[in-house]
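Thanks for making time for this one.

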Amino acid sequence: MRLVRLPPDESGRTLIQFDVSESGGLPSRLWFRPSHDLTPSECAPGNAALLALLWPAMYQGSDVVLEMPVSVALLESCAGPLQSILSEAYPNRLRRVRISTS
C-alpha cells in the first residue's frame with residue numbers, strides 16, 4: 001500500500017486526506033476531519049494513516065510505503081512491537097509487513 005497526502009479541501013476546516021494505491025480492495029481514498037485544527041506539533045500527517053492501514057496491510061501481507069512524515073516513535077513501534085503482538089495474537093490472519101517512508 002502506498003499512501004500519498006493530498007492537499008486540504010476548500011471547506012476552511014482541516015481535512016487530512018490520502019490516496020491509497022495498491023489497496024487490495026480497500027477504498028482508494030482515506031480521510032480524517034479532526035474536531036479541531038491540528039498544529040504541526042500535534043500530529044505528523046502520516047500517523048493517522050499508518051494506524052488506520054496497519055491492520056489491513058498485515059491482513060493482505062502488503063508492505064506500507066508512506067509518502068509523508070510519520071512520528072519516529074510511532075514508526076518504530078508499528079514496525080516492531082505492535083506487529084509482533086498482532087501477528088502472535090492472530091497467527092493465521094496477520095503477517096508482518098515492511099513499513100517505509102519516502
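Leaving aside its neighbours within four places in sequence, which residues is Arg93 in contact with? Arg93 is in contact with Met58 and Tyr59, where contact means heavy atoms within 4.5 Å.

Before I go on, a word about the source: this is a predicted model, in which local features need pLDDT of at least 70 and side-chain atom pairs count only at pLDDT 80 or more, while totals for chains, interfaces and linings use all residues. Residues are numbered from 1 along each chain as its sequence is written, and side-chain values use heavy atoms, with hydrogens and water left out.

To stay with Arg93 for a moment, this residue lies in the loop between α3 and β5, and the C-alpha atoms of Arg93 and Met58, 35 residues apart along the chain, are separated by 8.1 Å. Arg93 counts as exposed, at 56% relative accessibility; by the definition used here, buried means under 20% relative accessible area, exposed over 50%, and partly exposed in between, with a 1.4 Å probe and protein chains only.

Now the overall layout. The protein has three helices and five strands, and read along the sequence these follow the pattern β-β-β-α-β-α-α-β. Helices (H or I, at least four residues) and strands (E, at least two) are DSSP runs, numbered from the N terminus. Of the 102 residues, 36% count as buried, and among contacts between residues at least 6 apart in sequence, 52% join residues at least 24 apart.

Let me turn to the helix pairs, starting with α1 (residues 46–60) and α3 (residues 81–89). Their axes come within 11 Å and cross at roughly 50°, which makes α1 oblique to α3. Axes here are lines fitted to C-alpha atoms, for helices over the stretch in contact, and angles run from 0 to 180 degrees between N-to-C directions. Angles under 35 degrees count as roughly parallel, over 145 as roughly antiparallel, 65 to 115 as roughly perpendicular and the rest as oblique. The crossing of α1 past α3 is right-handed, meaning that the near helix is turned clockwise from the far one by less than a right angle, with anticlockwise giving left-handed. Leu54, Trp55 and Met58 of α1 make the contact with Leu82, Gln83, Leu86 and Ser87 of α3, and these residues divide into five nonpolar, two polar and no charged. In that count, Ala, Val, Leu, Ile, Met, Phe, Trp, Tyr, Cys and Pro are nonpolar, Asp, Glu, Lys and Arg are charged, and the others, Gly among them, are polar.

Not counting residues up to four places away in sequence, Ser87 touches Met58, Leu94 and Arg96, and the C-alpha atoms of Ser87 and Met58, 29 residues apart along the chain, are separated by 8.2 Å.

What about α1 and α2, how do their axes cross? The axes come within 10 Å and cross at roughly 10°, and α1 and α2 are therefore roughly parallel to each other. This crossing is left-handed, and the contact is made by Asn47, Leu50, Leu51 and Leu54 of α1 and Leu74, Leu75 and Cys78 of α2, a set that divides into six nonpolar, one polar and no charged.

For helix α2 (residues 72–79) and α3, the axes come within 3 Å and cross at roughly 30°, which makes α2 roughly parallel to α3. Here Glu76, Ser77, Cys78 and Ala79 in α2 meet Pro81, Leu82 and Gln83 in α3, and the residues divide into four nonpolar, two polar and one charged.

Finally, aromatic rings. The structure holds one aromatic pair: the rings of Trp55 and Tyr90 have their centres 5.2 Å apart and their planes at 65°, so the pair is edge-to-face. Rings of Phe, Tyr and Trp (its six-membered ring) pair if their centres lie within 6.5 Å, and planes under 30 degrees apart count as stacked, over 60 as edge-to-face and the rest as tilted. The pair links distant parts of the chain, with Trp55 in helix α1 and Tyr90 in the loop between α3 and β5 (99–101), 35 residues apart. Trp55 counts as partly exposed at 39% relative accessibility, and Tyr90 is partly exposed too, with a relative accessible area of 35%.
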